[in-house]
Structure formats: structure tokens, C-alpha cells
Amino acid sequence: LLKLRSTQYLPAEGDETHVYAPSELYLKNDKLKIFPFVRFLQWPTSEGMPNSQREFLMKLGVRVDVPLSSVMGFMEGECKKKEGDRDEKVYGSALDYLTQQLGPHGLYEKDFSRYKSVKFLPCIRQNLETGDVIKEMQSPAACYYNPSSIVMGFSTLDPQLDTLHIATRTKCSKDPSCHILIKRLIQLVDISKAKVDHFEKAGGSDDNERQKLKEKILTLFEAVFSYLASRTSDFVKRDLAVLTKMAFIPSESRGQVIFYHPSQIFFKKESSSPTQESSKDDDGDSLTETLFQQIQYNAFLSLVGVKAEPSLQEIFDLMIEKPDEVLDSLGEAKYKMLLRRIASNPPFNHVTKTIKSCPFLLGYLVIDEEVASGDEGGQKAQYVLARAEDIFLVDNSFLRRQFPMLVSPMEQTLEEFYNKIGSKYVSEVVKKDFEVQGPTWADTPLTQSFASRICERRPLLLSPTNSSRPLLPNAAKVLDDQLEIIQADKIRAKYSFERSSKHLKVTCCSKQKTRQKTTIYLTSDPDWFDIGSAIGALILQRCQLEDALLLSQLLESPLETLRYRGFPVDRVLRPVSKPQLPPPPKPAETKPSTHAGTKIANHPDAIASSSIVEGKSPETNAQLKNSAFPNPDNKREEGFESILKQMFPSHAADVAGLLGPNPTKEKARQVANLLATKIPPSADEKKIQDGPKNESNGDSSTLASQSINDNHANGPDNNTNMNKEGKGTKKRSSGFMGKVLKGLHGGVGNVSKGVGSGTRQIKQNTLLPAGDSNTPSSPERDASTQQSLEAMLNQAVQSSRSVDNAGIRSPETTITSLPQGLERGDNGCEVIPSQDIRPFKGPHGNFKSRNGIKVFTGTSDASDAAPFLAQNFNAVERFSVVIQHLATVFKLHLRTVAIYYQPNGHTIAFNSNKALYFNLRYFCNLHQDRVDSSCYSYWYMTFAHELAHNLVSAHNKEHGSFTESIASMYLPDFVKLLSQIP
């Protein structure tokens with residue numbers, strides 16, 4: 001048998017010249033005819049071979065199947081032939097046979113793994129240089145069957161073949177791995193950069209060639225990024241780490257192709273429909289388009305780190321790096337808008353040396369001022385970029401006009417930002433000095449009248465509510481015995497800035513003679529504004545124009561005028577009797593240091609409301625010594641004390657102390673209301689009070705010693721809310737604040753989240769000591785009392801709490817047992833409307849307006865409220881700006897205020913758990929079309945009304961008094977805000 005296996009004795013079909021060993025021949029099989037190297041055993045008949053003979057031949061070694069090595073050797077040999085010399089049909093049949101045998105349980109399945117590196121698969125590949133498609137042979141390990149990968153230069157199976165079937169049998173991958181893709185992308189970037197550099201170094205003067213190169217690179221990477229976007233689900237973060245630090249994104253910039261980091265380029269915004277308008281968003285898109293490179297959105301680039309728009313930090317970094325280029329690209333208007341964005345939310349924790357030294361701030365130099373002042377367009381100014389230390393903040397326009405200097409834009413937000421970086425105020429850099437010229441006089445009618453006025457209104461001048469700037473520590477002493485008044489012939493002011501100086505005539509100034517003595521000089525016809533400036537420089541840490549104007553008004557205006565305007569005249573002033581006229585003035589030496597002037601300490605009984613005597617000389621003043629203004633407040637209403645003692649006999653000893661000296665009718669009413677509401681009446685007093693009621697227009701008086709205590713509110717529910725006034729509504733408070741409050745009555749109120757929510761109330765600790773009603777109170781005590789009251793009010797305002805993020809839901813409640821003094825409707829009870837609001841997501845997706853104020857919608861009729869907010873959110877944004885500015889006036893955090901929309905009911909605003917909620921409906925109906933001073937005044941009083949509920953829950957006279965006090969205390973800051981509103 002062994003001899004038969006190895007001996008060549010069998011004939012082959014079609015070969016009559018040779019004989020072969022059994023192992024060299026195959027049994028006849030039509031499938032094997034495709035292989036030219038296969039020799040079939042010659043069989044004498046065409047009939048089928050018996051099984052016994054077939055099995056015997058197979059034992060001898062005659063083959064039935066072609067070995068895998070022979071098939072792969074044949075295919076590898078065919079691959080080496082040139083494309084024209086290879087029989088593609090035979091090769092295709094051999095490939096089909098191979099793939100059939102590689103199937104499940106196939107003949108070659110187990111042994112094929114050793115041939116995965118053999119190049120035998122017909123593939124195509126794109127030449128990235130020319131774009132031509134090249135045919136080639138590749139191994140299963142080096143090609144892929146997804147035709148999209150061809151854009152990156154990978155070989156893919158010839159699409160003319162059954163690619164899925166062949167790839168499945170030969171274990172060919174669909175796509176390259178993520179690692180291979182990133183590696184190939186980096187290679188493409190390096191090759192493209194090399195081409196650009198080579199073109200530029202070679203001269204690069206041919207614009208057509210540059211255009212072709214640019215289009216070729218941009219088209220290539222557009223296809224590459226599109227393919228990579230289809231693979232985003234396969235990438236993990238560590239695969240992309242190398243790309244986040246690499247400039248691999250090509251974009252056209254000024255006719256050239258430049259590669260950018262993911263942080264340097266942003267996606268273009270898709271064009272919105274014409275009906276969608278958002279000016280602020282458009283400004284942001286325009287800003288991105290102008291300052292940064294943009295590219296069409298791509299999922300892969302988004303995964304790497306490309307964003308839709310730059311952050312404020314990225315914009316700020318660009319401004320610091322290239323301020324001139326940013327200004328040239330944007331222009332002055334948009335650059336200022338960008339500065340406003342940065343100022344409202346600075347993208348840095350502390351000011352670095354780089355920020356201080358960088359000239360990125362807009363400074364304005366006013367030119368042609370005399371000509372421009374008469375033009376309708378206002379002053380003309382040139383703008384330049386400068387460092388913060390080279391730009392000055394205008395807090396005094398008069399000083400600014402004296403010298404050429406770069407000034408900041410006159411906007412509060414920008415001024416605060418400039419000051420934070422290092423800009424100084426004009427009043428700080430312009431040095432002032434005064435020279436008294438000619439003779440001076442002491443103890444003239446003018447100086448005595450002025451000393452009396454200072455003494456009288458000293459507590460009002462020292463009130464911290466009259467200025468947003470803090471007082472100097474020694475302010476009280478300066479206006480006491482340390483101050484002397486001297487009349488001068490002329491006063492000249494010298495203003496110095498850097499190396500320039502100017503001299504101007506003034507009518508009043510102050511000089512520090514010694515460490516313990518200050519002198520005020522007046523001319524014969526002083527200007528009240530000059531006087532206010534001099535006083536402000538003595539008592540304020542920094543006196544601005546508005547401070548000088550306010551101080552001059554406090555000194556010049558009659559007390560009744562000040563009281564009408566809301567100043568707490570009755571609480572801080574000490575009216576006294578009119579003094580005797582001073583003796584004629586005595587001439588003094590020319591130098592002011594040679595005599596003693598009129599001292600404040602020499603006038604304990606100052607005239608309550610006097611005027612500076614006008615004249616051309618001290619002699620004229622001596623002739624007009626009887627022309628001092630009479631005191632309009634010296635009248636005393638007789639009988640107040642006796643009437644109150646008859647009404648409240650058990651507290652007769654306290655009446656005089658409560659009334660104080662020279663009580664007004666309003667003061668008497670306040671004391672009567674206080675004794676009626678705060679002090680339990682005796683049996684005799686009840687009889688008096690049960691008689692005809694004294695119709696009072698005043699508010700509850702605030703006692704000399706008060707404290708704030710946390711007490712539970714009275715009644716079943718502290719959910720009080722004022723509605724429309726009924727027919728039986730009582731008169732509100734008199735005076736300016738009372739008139740404003742009367743307009744608010746019926747729309748604002750207080751809402752708490754449940755019984756006993758901790759509403760603060762004022763409790764009486766002690767009464768003013770009884771004594772002689774003619775005994776004057778000391779100025780120190782008056783100032784201390786006022787400061788204690790203001791500290792208490794400020795503490796109550798600042799105790800406001802954060803808005804409830806979950807919303808508010810409280811039922812409607814009817815209160816039939818009301819405290820004395822609370823407004824009642826026709827039926828003698830107060831109906832507290834329900835409040836049911838929930839958060840509104842809004843277009844920003846964070847349930848807030850753009851500036852961070854929470855937004856809520858009413859749920860009682862959500863079908864109307866939510867759609868209205870969605871369609872009119874621009875109204876929310878405008879209202880939020882008003883609320884933000886007023887919150888700044890009251891020094892409240894934005895988390896303590898909220899905006900809600902309730903289409904039903906009559907509630908303008910409410911206070912819930914010391915958080916304030918304002919109804920958008922009233923803003924839309926009253927002020928949306930014109931946000932002016934009237935709008936701000938309306939919501940300013942609404943703020944004051946609701947903040948008063950931090951102290952008192954009910955709508956009684958005490959609440960009205962606190963509303964007026966809060967409105968008066970924050971009035972200077974509000975006036976400053978109104979001055980900035982067009």
C-alpha cells in the first residue's frame with residue numbers, strides 16, 4: 001500500500017505524456033476546475049465512480065479538496081501580477097470558493113487566521129493629494145468594508161464585490177479603530193500644514209493656486225469631520241485628549257488657511273425664522289462672528305470641545321491679549337456693550353497686574369467743549385483705549401471741565417468696574433486749595449445767622465440717610481465747638497491736576513487752622529451750593545455733587561418744605577426760641593488767623609429757619625441786621641398736652657415726654673394713636689375713647705427706645721393681602737409719603753406660608769421719661785435716637801429671605817377679628833386672596849430671567865399664565881432690570897425678590913416669609929411701553945410697602961409709618977438712581 005501511494009503510475013485527465021502519484025491528483029469535481037493547478041484523475045468511463053472505488057483511491061492519497069495553502073498561494077501569486085495580466089474572472093471565482101470554505105464549519109475556518117496579513121482582497125483607496133480612486137490588494141487586517149472611511153485615505157473593499165459577505169468570512173473590520181482614526185487625523189493635519197508652509201515659503205504669489213490649495217484642504221477636512229461625526233458614539237474621552245490641546249481645525253482667515261484649537265473656534269448659529277427676534281441674542285451672535293472664527297456645527301468637533309458661543313472669560317482674555325484688534329473689529333458702540341457685560345459679571349476673582357496694566361478700557365477726551373455745549377447733539381468726545389490708572393471717573397463735572405483728561409463712560413456699572421480695576425475719581429486727583437483775600441470780619445450778622453442755621457440743622461446734616469457716602473468719624477465734633485465762622489472779602493480757589501492749575505472765585509470754603517479748630521469763610525453774597533460743598537468736605541469721607549446739592553437744600557429750605565419732601569424733620573431737629581440780635585460787627589485784621597470767628601457753641605438758641613443776609617460789605621450787613629428770616633416753625637399748638645392728659649389720665653406723666661418741645665398737630669395725632677394702640681387703656685380712658693372718634697390722618701409714632709423681636713403673627717393665618725379699597729376705607733397717612741402710599745393701597749400686601757411664620761413686630765420697651773416739655777433734647781440724643789431707628793429699619797430690610805424655589809400655595813382666608821387700625825371692607829372683615837404660583841422654566845431653562853431673578857407663573861389659570869409668559873418673556877426681562885436696580889437701592893440680594901404673572905385678582909405684590917414677589921401683569925399694563933422715573937417711583941414705593949411687612953404684618957397705621965420711614969431712609973440712593981434714568 002505504501003508503494004502504491006508513492007509511485008507515479010496514475011494518468012491525469014488531459015495529459016497523456018505523464019503519470020502521477022495518487023497525492024498529485026484530485027477526484028473529479030467541477031468546483032475545483034477554477035484552479036489551473038488542479039489535475040484530475042483520468043477515469044475510463046463518464047459514469048459515476050462507485051463508492052468502494054472512491055474510498056480506495058482516497059486511501060491511496062488521491063485528493064478531494066484543495067488545501068488552503070494551495071489556494072492562498074495561487075491567490076497571492078495572482079495579486080502580484082499586473083492588473084492587465086490577471087484573469088479577474090478566475091480570481092473572482094477563487095475568492096468566492098475561499099469565502100465559501102471560510103463559513104461556519106467550513107474547511108478553512110480554523111486555519112485562516114495565519115493568512116490575515118496576506119494581501120489578496122480587492123480594495124479601493126482615495127488618493128488624498130489628487131482625489132483619484134486607486135484599486136489595490138490589501139490584507140483583511142488592513143482594509144475595511146465601510147466605504148465612508150475612504151475619505152481619510154483608508155482602503156475599503158471594492159464595492160463591486162459582495163463586501164458584507166466577504167468581510168464577514170475574512171474577519172475584515174467595518175471601520176478603523178478610534179486610535180487609528182485620531183492618528184490618521186493628526187497625519188492629515190501635519191501634511192496639510194506642511195503644504196501651506198511650503199506654498200508660502202515658495203513665494204505664494206499666485207492667488208489662484210492659493211485658492212485651490214485652500215479649497216482642497218477645507219473640502220478634505222469637511223469630509224473627514226463628517227465621517228468622524230458618524231463615529232462619535234465610539235470615542236471615549238481619553239481618545240480625544242490629544243486633540244483638545246492641538247490646532248487641528250482648518251478655517252479661512254484673511255484669504256489663508258489657519259488651523260485653530262477647539263477653544264479658538266465656535267459654531268455658526270443656524271438662521272432663525274423671521275418671526276423670532278431677540279436683539280440681545282443677535283448682539284451676542286454678532287460679537288462671536290466678529291471676534292472669533294466660526295465653523296458649521298459638527299458632532300465630532302462638539303465632542304472635542306468646540307462650543308456654540310464663547311464664554312465671557314474667553315472674550316475677556318481676547319480683549320486683554322488684543323484690545324486694539326477687538327476695538328477695530330467691533331467699533332466703539334459694541335466694544336462699550338462688551339465692557340458692560342464684563343462689568344456686570346467680571347470673569348476674574350481678583351484684579352491682577354496684567355489687568356491693571358493692560359490698555360483695554362475705553363477713555364473719552366471731550367473736545368470743542370464750548371462749541372459742543374451749544375449743539376443739540378451734546379459734547380463731542382474722542383475715545384481711546386487706555387489703562388485704568390489713566391482714566392478718571394466723573395463725580396464732579398465742574399472739576400472735569402477745568403482740565404483735559406480721559407474720563408470713563410458715565411454709567412454706574414462701568415464706573416464701578418473702572419474703579420475696581422484702578423481708576424480714580426476726579427475729585428480725588430484734582431487738588432483744591434483756598435486763599436482768603438482782603439480783610440475778614442468776625443461776629444457779623446451774616447456769620448451769626450449762618451452759625452445759628454448750622455446749630456439748628458446739625459442733627460439733620462449728620463443723619464447718615466442723607467448721603468450714600470459715610471460720615472467722617474469726627475463729623476459731629478467738627479460741627480460743634482470746633483467750628484468758627486468768619487466773613488471774608490474775597491475767596492479764591494486753586495484747582496491743581498498733574499502739572500496744570502486754575503484759579504476761580506468762590507463764595508465759601510473751609511480751612512483747618514489747627515488740629516482742633518476748623519474755620520468756614522463766607523463772602524457777603526455766599527452761594528448755597530458752595531456752602532454745601534464746604535460742609536460736605538468737613539463731614540463726609542468723599543463729597544460729591546449730589547451730596548453738596550442735598551446739604552445746600554437742607555440748609556436753605558424751610559423746615560416745612562423739608563417735612564413735605566419726606567425728611568424726618570420732627571425726629572432730628574430741635575427748634576428753639578429766636579435769639580437776640582447780635583451786636584454790630586467788629587472789624588478784624590486781614591489775616592483770618594488773628595481773631596476768633598463766630599462759634600457754633602456760642603449759639604445754643606439758634607434761629608430755627610433763618611437766611612444768610614445778603615450784602616456787599618460788613619457795614620451793609622450791620623444795617624440789615626433785622627432782616628434775618630423769621631422762624632416759621634416757632635408756633636406751638638396750645639392745648640395738645642392738656643387734651644391728651646384728659647384722654648389718657650393714667651399716662652398723663654408720659655404725655656409731655658412723648659410730645660416733646662413745640663409739638664405739631666401731626667405729632668399730637670401720632671402720640672394719640674400710640675397711646676390708643678400700644679398702651680392698654682384704663683377704665684376712664686375707655687369711656688373717653690368710646691365717645692366720638694378722633695379722625696386721625698397720622699401714623700403710629702415710633703418710641704424713643706424700640707427693639708425688633710421675632711413673634712408669631714396674630715390670627716389664624718398671617719396671609720394678609722390688601723385688595724381694592726372699599727367704601728369705608730379710612731384716610732391714609734398725610735404728607736408726601738402718605739399720598740404715594742394712598743395710590744398703592746389696594747394692590748400690595750403680605751403673604752406668609754403658614755401660621756406663625758415669624759413675622760417681625762415692633763414692641764415697646766420704654767417710654768420717653770416724663771419731664772418739662774420745654775426742656776430741649778440734646779443734639780447727641782436726637783442723633784442717637786435717629787441712628788437707632790435707622791439701624792432698626794435697615795436690619796429689618798436686610799432680614800429679607802430667599803425666594804421659595806418650589807413656589808407658594810396658600811388658600812383664601814377671611815379675617816373677621818382685626819386689630820385696631822387695620823383697614824376694613826364693607827362687611828367689616830378682610831379677605832386674604834389665595835396665592836398659588838409655581839416656577840416657570842423660561843427660555844433660559846433655569847427658571848430665571850437673564851439677570852438671575854426667579855420667575856413664577858400662576859397655577860389657578862395656568863392655561864393663560866404660562867403661554868403669556870412664554871410669548872412675552874421680553875417683558876419679564878425688562879421688568880427684571882427695574883427690580884434689579886431697585887433691589888440695589890435697598891441693598892437686597894436678587895435671591896430675595898421674584899417676578900410672577902397672575903392674570904386674575906388685584907394683587908400687585910406680596911411678601912411671603914420675608915421674600916418679595918411682584919406681579920408682571922401690572923408692569924405690562926402700566927409701564928411696559930415707557931420705563932421712566934414714574935415707573936421706578938411706582939415700584940420703589942411698592943418695595944417700601946412690602947419691606948415694611950418685615951416689621952408689621954397687618955395694614956395698620958404702624959405699617960404705614962414704617963413704609964414712610966423706609967422710603968425716606970433709602971430716598972438718597974433712589975434719587976441717585978433716578979438721575980441715571982433717561
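A disulfide is counted where two cysteine sulfur atoms lie within 2.5 Å. By this rule the predicted model contains zero disulfides. Cys79 is in no disulfide, and the nearest cysteine sulfur, that of Cys123, is 9.9 Å away. Cys79 has a relative accessibility of 16% and therefore counts as buried; buried denotes under 20% relative accessible area, exposed over 50%, and partly exposed the range in between, with a 1.4 Å probe and protein chains only.

Because the model is predicted, local features need pLDDT of at least 70 and side-chain atom pairs count only at pLDDT 80 or more, whereas totals for chains, interfaces and linings use all residues. Residues are numbered from 1 along each chain as its sequence is written, and side-chain values use heavy atoms, with hydrogens and water left out.

An open sheet of four strands shows mixed pairing in the order β4-β3-β6-β5. Strands (E, at least two residues) and helices (H or I, at least four) are DSSP runs numbered from the N terminus, and two strands pair if DSSP finds at least two bridges between them. The edge strands, each pairing on one side only, are β4 (133-138) and β5 (143-144). Strand β5 runs parallel to β6 (residues 155-157), to which two bridges join it. Tyr144 stands opposite Thr156 in β6.

A nonpolar core is a set of buried Ala, Val, Leu, Ile, Met, Phe, Trp, Tyr and Cys residues joined through side-chain atoms within 4.5 Å. The largest has 57 residues, and Tyr335 and Phe360 have the most contacts inside it. With residues up to four places away in sequence not counted, Tyr335 touches Met319, Pro323, Val326, Leu327, Leu330, Phe360, Leu362 and Leu385 (contact: heavy atoms within 4.5 Å). Apart from this core lies another, of 54 residues, including Val882, Leu892, Phe918 and Phe962.

Rings of Phe, Tyr and Trp (its six-membered ring) pair if their centres lie within 6.5 Å; planes under 30 degrees apart count as stacked, over 60 as edge-to-face and the rest as tilted. The count comes to 34 aromatic pairs. The rings of Phe403 and Phe497 have centres 5.8 Å apart and planes at 45°, so this pair is tilted. Phe403 lies in the loop between α16 (397-402) and α17 (412-421) and Phe497 in strand β16 (residues 483-497), 94 residues apart. Phe403 is buried, at 5% relative accessible area, and Phe497 is buried, at 5%. Ring pairs also link a cluster that includes Phe879, Phe890, Phe918 and Trp939.
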